[in-house]
Amino acid sequence: MTLTVNGRSGAAGVGEVLLDAAAVTRCRRRVHLDHDPASADAPRALPDPSLEQRRADAVAHREQIGAAMAAATGAAWHAVPAEGPAHRRAAATATAVTAGARLIWGAVLPLDASAGRRGTVELLVRAPGGGYLPVIVVRHRITDPGSGALTTPLLEPWPGRAVADPDRKVRSQPRDLLRLAHLTRMLGTAGWGPDAETAGSGLGGVIGVDADVVVWHDLSAGHWPGGRSTMSEYDERFADRIAVATASATGAPALAVPSRVTECRRCPWWPTCEAELTRTQDVSLVVRGETAVALRSAGIGTVAGLAALDPVGEPPVPVPGMPFADTVALARAWQRGLSVVRRVPRVPVPRADVEVDIDMESFGESGAYLWGALLTRPGGTHPGDEPEGYRSFATWEPVPTDDEGRSFGEFWTWLSGVRASAAASGRSFSAYCYNEQAENRWLLASARRFAGMPGIPTVAEVESFIAAPSWVDLFALVSDWFLCAHGKGLKRIAPAAGFSWRDPEAGGENSMRWYRDAVGMDGAPPDVVQRQRLLQYNEDDVAATRALRVWMSSPAIDEVPLAADL
């Protein structure tokens, strides 16, 4: 195990601990393990290919933006060499600052050993009255349709020209804001930030995946709980994380203990924490986050302790998010190895004469490349009905592409035809998905992006479809009528209905890797085998949705224990 010490690697526990901005949004236990010399041989998760791919995509995204801005800004542009040791790149950055360069790309900031900070920033922009403001480049969306975001054009990133955007509103991205605060503190320590009275002081910029504007954030504004500013929120978090890391590196008593949180599912240290939590039957295996912390404070630190409580009694602490009786039932289900228990005797699932299960596949923020649908007719067929079964509507051009509009238009035309045929014959119709948030997002986005193309509905038509009772979100039904001890994802729940995917590696993260190969995104010829793999994966997803709802509305559901009987 090594630590970053004054810009170089050294033995753990030697010198000053230095944290980058990521530490303030990480679990406290991860920060501890990252800096604990005793963790050198602790179990870790295998490298996540999808995470590595996202990192590579982010690098390519930054390079494209840097090249475009360099070409547009001419003499104002100064790029720090991307290669070489950090201390030489930091020296090159300092030289550019001293020369008053207006734009400095790939900056490495001076180490702040006294505070324990290190950091790099994609772009430094000289403020109107002197000093520099940080601009970071990210590969996610940073705005939504609306108004009010403070923006400048991408190729004119001058904060003094920022205006309220009539077409964009800020999308909340706390990680981006906290990184900007970290960099702002480092610039201030180095003497490179603008004076407090200078116009633009306290601003930080973000360039997102759309790469069309710089969104400027006022880091002194009170957008956090309790009216705290981003800088205040950052300072509080950083003080905590540096204390955790320093205690870990120096062998002092640990300031952070394992507790399951959302971050755990992608954390490299999860195997180490999971083994410890399972050994102690920690209560966070059933309830996460602040609820687990509150229960521990009341002396309920284990699953067994929670399961032993009276479900109709007064809870020892407030338990937000679900009835206390459900919390106790979840603990009892976990003890018995039950993945699913019923909250109610009967599970109401809307059914129809004509049913379509829908699943969409997207590639990150770039676009939706595949719409899959499974058509069935529990009410029987009529003359002229097209055959039941699975249909796919795909584009194999790398998204974003106008061909995405073609495939979506064909999907919507087909779906509209099925609905119209059902209505004309007097039959009821329902469409189903699992967790409508993703499908709804891309339904609306596709209607907006490809308006006017053949088959593309209006936004109003999509909104009407989404709002209709015939559009059924099975995830919402599962959330309402079941308690799920091991999560509510489709791949967690569908096996309870007897369904299994044909591909043992089926999953959203892996599908991202398959997609890259399927469209030849990395320079290799497109892989038709991976295309078929994606189609099979999508077909299994819609089949799993159907299997789940059929099971939920069948007598077989009576075999699932009732929470009240545990």
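Predicted model: local features only at pLDDT ≥ 70, side-chain atom pairs only at ≥ 80, totals over all residues.
Reader: Does Ser470 count as buried or exposed, and why?
Author: The cut-off for buried is under 20% relative accessible area. Ser470 has 18% relative accessibility, and therefore it counts as buried.

Reader: Which residues of S17 point one way, and which the other way?
Author: In a regular strand the side chains alternate between the two faces of the sheet. In S17, Ser430 and Tyr432 point one way, and on the other side are Phe429, Ala431 and Cys433. Five of the five residues of S17 are buried, so the strand is largely enclosed by the rest of the structure.

Reader: What is the order of the strands in the open sheet of five strands?
Author: Within this sheet, S17 is joined to strand S14 (residues 354–363) by four bridges in parallel, with Asp357 opposite Tyr432. S17 also pairs with S18 in the parallel sense over three bridges, where Ala431 has Trp471 as its bridge partner. Strand S15 (residues 367–376) and S16 run antiparallel and are joined by six bridges, and Gly372 stands opposite Ser392 there. The pairing is mixed, and the order is S16-S15-S14-S17-S18.

Reader: Which are the edge strands of that sheet?
Author: An edge strand here pairs on one side only, and this holds for strand S16 (389–394) and for S18. From one strand to the next the twist averages 25 degrees. The edge strands are therefore, by their pairing on one side only, S16 and S18.

Reader: At about what angle to S14 does H16 run?
Author: Helix H15 (residues 508–519) lies across S14 and S15, and its direction makes about 70 degrees with S14. H16 lies across S14, S15, S16 and S17, and its angle to S14 is about 140 degrees.

Reader: Which residues of helix H13 are buried, and what puts them on the same side?
Author: Asp473 caps the N-terminal end of H13, with a side-chain oxygen 3.1 Å from the backbone nitrogen of Phe475. What covers the buried residues of H13 includes strand S17 (429–433), strand S18 (471–473), strand S19 (482–484), helix H14 (490–493) and helix H16 (528–552). The buried residues of H13 (residues 474–481) are Leu474, Leu477 and Val478. They lie on the same side of H13 because they cover, around the axis, an arc of only 100 degrees.

Reader: Which strands stand at the edges of the open sheet of eight strands?
Author: This sheet has mixed pairing and the order S3-S4-S5-S6-S11-S12-S8-S9. Each edge strand has a single partner strand, so one side of each is left without a neighbour in the sheet, and these are strand S3 (77–79) and strand S9 (163–164).

Reader: How many residues does the largest nonpolar core have?
Author: Elements that give two or more residues to this core include helix H3 (86–98), strand S5 (120–126), strand S6 (132–137) and helix H4 (174–190). The residues with the most contacts inside it are Leu19, Ile104, Leu109, Val121, Leu124 and Ile136. Another core, of 35 residues, lies apart from it and has Ala394, Tyr434, Ala494 and Val560 among its members. The number of residues in the largest nonpolar core is 39.

How values were computed. Residues numbered from 1 in each chain as written. Heavy atoms only, no water. Buried < 20%, exposed > 50% of the residue type's maximum accessible area, 1.4 Å probe, protein only. Arc of directions from axis to C-beta. Contact = heavy atoms within 4.5 Å. Polar contact = N/O pair within 3.5 Å; in protein donor to acceptor, adjacent residues only side chain to side chain. Core = buried A, V, L, I, M, F, W, Y, C linked by side-chain atoms within 4.5 Å. Pairing = 2+ DSSP bridges. Axes fitted to C-alpha atoms, helices over the stretch in contact; angles between N-to-C directions.
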